[in-house]
Amino acid sequence: MTIQNIVMPQLGESVTEGKIERWLVQVGDKVNKYDPLAEVTTDKVNAEIPSSFAGVITELIANESETLPVGAVVCAIEVEGSEMPPAPVEKSSNVSSAILNAGSQKKEEDKPAAKKEDKPVRTERKPGRFSPAVLALANEHDVDLAQITGTGVGNRITRKDVEAYVAAGKPTSQDISNDEQPTAFAEPKQEASAQASTQGATQAPASQPKQEVPVAAGDIEIPVTQVRKAIAKNMLRSTHEIPHAWMMMEVDVTELVEYRDSIKEDFKKKEGFNLTYFAFFLKAVSQALKEFPIINSVWAEDKIIQKKDINLSIAVATDDALFVPVIKNVDEKSIKGIAKEIHEYAHLVRNGKLKLEHMQGGTFTVNNTGSFGSVQSMGIINHPQAAILQVESIVKRPVIVQGNMIAPRSMVNLCLSLDHRILDGMICGKFLSRVKEILENVDKEKMSVY
């Protein structure tokens, strides 16, 4: 019998940590290989940690609600048999290296400690050694990663290491560069130091710890979940980087409502799920995107990438989170097929089974804000897409129709937020007009459900 450690897997390319939401096993439980051990949440997705071995749980090292870096040991298993698992073969794979190496017990010879010098030695950054999140944070605060001691597995630098370094007011790469300048010219150095001090004073808010918000009696403190942190980060990035512009168009969907209402009961009995209005809107948007492909683009600094596939991101909300699964190749699907995927994604979100691959590859976002009664809103673009369309609530109101007659009509507002680096008002107006035209001419002959 040998004791093997199970570690926090890397559940995404840029994921650096995960939070143990709930243990699915207890000490003494017998598990098989690949059995789920714990539920984990990250800033990308909810998932489960699988067992890499068959054996008996001997220790639960991590606590529920505890956040751990990728590669940290979460529990121990007494493995049946004495044979060690073979070392993983190095190859290109999407499988987390933490999972692949979870059972290997490599013993490294102790290396002599490097001789300390009076001044820190700067080393060249190697992008492959750091996660994208660490590199982005280091660049934001002008931090030399060579000056930070990592606390992750194998002394790897984590995001928390960089944040702690910045909060402690440690020198930036510019400060270190100034320290390494020749000291022959004493007066210019003092002047440069004074300038650095002045700059540091003006930039102090960015490097000092966050200001504590006072909490009064009766206030409730709600911990920020990993999903909520991810939403905040993405929304902030979008509003900072993307110059948003907005437009709205009113659409008469009376014929669509009558057509859908006439077949929804039979459809539900035959297919087993609801035929929603949203499926018709997604189909209309996909058709218009084929005619105006520049809308289906992303910004890439020195170029605009026009995407070939039409993959629509749809927002699915829970009580405390928002998920954006992607329906792939919507233009090639029937309304029935679109409605089925909407139903399946809603089920996955409600049961916490949505995976990372379900939320990747989106090229344009459509948000069903009308489902909770909204009639007008301005969406924040799902970075790096070019636009997001808000489908508002369908309301019946009096409208002047042909012959100056007033009649009750089912009306809906389509609200478009656009990236003004990529798109202009004219092309977006034509796009919305085409969506409007399709929706106002929906009937059995022009838009079959099947």
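## Backbone exceptions in the loops

Glu 301 has a relative accessibility of 62% and therefore counts as exposed. This is a predicted model. Glu 301 sits in the loop that runs between strand S10 (297-299) and strand S11 (304-306). Its phi is positive, about 65 degrees, although Glu 301 is not a glycine.

Asn 329 also has a positive phi, about 50 degrees, and is not a glycine. The loop holding Asn 329 lies between strand S15 (326-327) and helix H10 (335-350). With a relative accessible area of 23%, Asn 329 is partly exposed, since partly exposed covers the range between the 20% limit for buried and the 50% limit for exposed.

A further backbone feature is the peptide bond from His 383 to Pro 384, which is cis, with omega near 5 degrees. Pro 384 belongs to the loop between strand S16 (364-367) and strand S17 (387-391). As background, most residues other than glycine have a negative phi, and most peptide bonds are trans.

## Packing of H9 and H11

Two packed helices are described by the angle between their axes and the distance between the axes. For helix H9 (residues 277-291) and helix H11 (residues 425-439), the angle is about 135 degrees and the axes are 9 Å apart. The two helices are therefore oblique to each other, because angles over 145 degrees count as roughly antiparallel and those from 65 to 115 as roughly perpendicular. The crossing of H9 and H11 is right-handed.

On the H9 side, the contact is made by Phe 280, Phe 281, Ala 284, Val 285, Gln 287, Ala 288, Leu 289 and Glu 291. H11 contributes Phe 431, Arg 434, Val 435, Ile 438 and Leu 439. Sorted by class, the residues in this contact are 10 nonpolar, one polar and two charged.

Is Asp 252 buried or exposed? Its relative accessibility is 16%, so Asp 252 counts as buried. The residue lies in strand S9 (residues 244-252).

The side chains of Asp 252 and Arg 409 are joined by a polar contact of 2.9 Å. Apart from neighbours within four places in sequence, Asp 252 is in contact with Arg 409, Ser 410, Met 411, Leu 439 and Glu 440. One of these residues, Leu 439, is also part of the H11 side of the contact with H9.

## The protein overall

The secondary structure comes to 11 helices and 19 strands. The protein has 450 residues, of which 38% count as buried. Among contacts between residues at least 6 apart in sequence, 64% join residues at least 24 apart.

Methods:
Residues are numbered from 1 along each chain as its sequence is written. This is a predicted model: local features need pLDDT of at least 70, side-chain atom pairs count only at pLDDT 80 or more; totals for chains, interfaces and linings use all residues. Side-chain values use heavy atoms; hydrogens and water are left out. Axes are lines fitted to C-alpha atoms, for helices over the stretch in contact, and angles run from 0 to 180 degrees between N-to-C directions. Helices (H or I, at least four residues) and strands (E, at least two) are DSSP runs, numbered from the N terminus. Angles under 35 degrees count as roughly parallel, over 145 as roughly antiparallel, 65 to 115 as roughly perpendicular and the rest as oblique. A crossing is left-handed if the near helix is turned anticlockwise from the far one by less than a right angle, and right-handed if clockwise. Contact means heavy atoms within 4.5 Å. Ala, Val, Leu, Ile, Met, Phe, Trp, Tyr, Cys and Pro count as nonpolar, Asp, Glu, Lys and Arg as charged, and the others, Gly among them, as polar. Buried means under 20% relative accessible area, exposed over 50%, partly exposed in between (1.4 Å probe, protein chains only). A polar contact is a pair of N or O atoms within 3.5 Å; within protein, one must be able to donate a hydrogen and the other to accept it, and residues adjacent in sequence count only if both atoms are side-chain atoms.
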